[in-house]
Amino acid sequence: MQRIDAACRQARRPPASVLLLAISKTFPTPSIQEAYFAGQRSFGENYVQEAVEKITELAGLDIDWHFTGPLQSNKTRLVASHFNWVHGIDRYKIAQRLSEARDAHLPPLNVCIQVNLSGEATKGGADRNSVSDLAHAVAMLPRLRLRGLMTIPEPTPDAALLRRRYAELRSLRDALNTDGLGLDTLSMGMSSDLELAIEEGATIVRVGSAIFGARNPANGTTG
Ligand SMILES: *Cc1c(COP(=O)(O)O)cnc(C)c1O
């Protein structure tokens, strides 16, 4: 994606240091196939049932599937068996269930801890003060590989505020690495603000509408 290349140049970062995760929630499999044949390999889905249907249908393609939605404990088994990554870990119990459900023949499941930096009660994510304890506990789970942190900032036109959120996620990650956790991932930035996120160190940007177009709110599965 040209916007990522331009943002990397601006930030003096190699373009290969940022992964474009195409968020395909609500879009049908032909849209995913079209992006795949244009070279896209990493796709993100938010709704377990919808995702499992698409993953099954597209089983012949070499796709890295990321689960980016909120995760309930009764869905951990499906997610652990169909995905390579989970971005929204915000409590130990979910991580533990994912680890227990991850097949021994598969590589460890890559996970990120989601941090709620805005304090919005309705939003998923661990409180910033609990991230360190949670990260150290998740890092010990045998069938998971803790890769880093993820955040979804509050919707705001205030670029300075978004920049502060992303800078804070980065400094939380850096502090965990000072503790020896070796985290290589910052999952932050979406269609509207990926340049800002890349300037603040994003290694995965999660982009939906800028790739696939506007999602249809009438189908009830936007978010
Ligand atoms: C839908 C979604 C995105 C993509 O949002 P766009 O604004 O369409 O780029 C990114 N991250 C998460 C967690 C999402 O749910």
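Predicted model: local features only at pLDDT ≥ 70, side-chain atom pairs only at ≥ 80, totals over all residues.
Colleague: How many residues surround the ligand, and which are the closest?

Modeller: The ligand is surrounded by 13 residues, with Lys25, Asn46, Ser191, Ser209 and Arg215 the closest. By type, the shell divides into 4 nonpolar, 6 polar and 3 charged residues.

Colleague: Why is Arg12 called exposed?

Modeller: Arg12 has a relative accessible area of 79%, and the term applies over 50%, so Arg12 is exposed. Arg12 belongs to the loop between α1 (2-10) and β1 (19-23). Its phi is positive, about 50°, although Arg12 is not a glycine.

Colleague: Is Thr26 buried or exposed, and how do you know?

Modeller: The relative accessible area of Thr26 is 16%; buried means under 20%, and therefore Thr26 is buried. Thr26 also has a positive phi, about 75°, without being a glycine. Its place is the loop between β1 and α2 (29-37).

Colleague: Why are the buried residues of α6 said to be on the same side of the helix?

Modeller: In α6 (residues 131-139), the buried residues are Val131, Leu134, Ala135 and Val138. They cover an arc of only 100° around the axis, which puts them on the same side of α6. An α-helix has 3.6 residues a turn, so residues three or four places apart point the same way. Among the elements that cover the buried residues of α6 are β4 (85-89), α5 (92-101) and α7 (159-178).

Colleague: What makes Ser99 a buried residue, and what does Ser99 touch?

Modeller: Ser99 is in helix α5. Its relative accessibility is 5%, and the limit for buried is under 20%, so Ser99 counts as buried. Not counting residues up to four places away in sequence, Ser99 touches Leu141, Pro142, Arg143 and Leu144. A polar atom of the Ser99 side chain lies 3.1 Å from the backbone nitrogen of Arg143.

Note on methods: Residues numbered from 1 in each chain as written. Heavy atoms only, no water. Near = heavy atom within 4 Å. Nonpolar A, V, L, I, M, F, W, Y, C, P; charged D, E, K, R; others polar. Helix = DSSP H or I, 4+ residues; strand = E, 2+ residues; numbered from the N terminus. Buried < 20%, exposed > 50% of the residue type's maximum accessible area, 1.4 Å probe, protein only. Arc of directions from axis to C-beta. Contact = heavy atoms within 4.5 Å. Polar contact = N/O pair within 3.5 Å; in protein donor to acceptor, adjacent residues only side chain to side chain.
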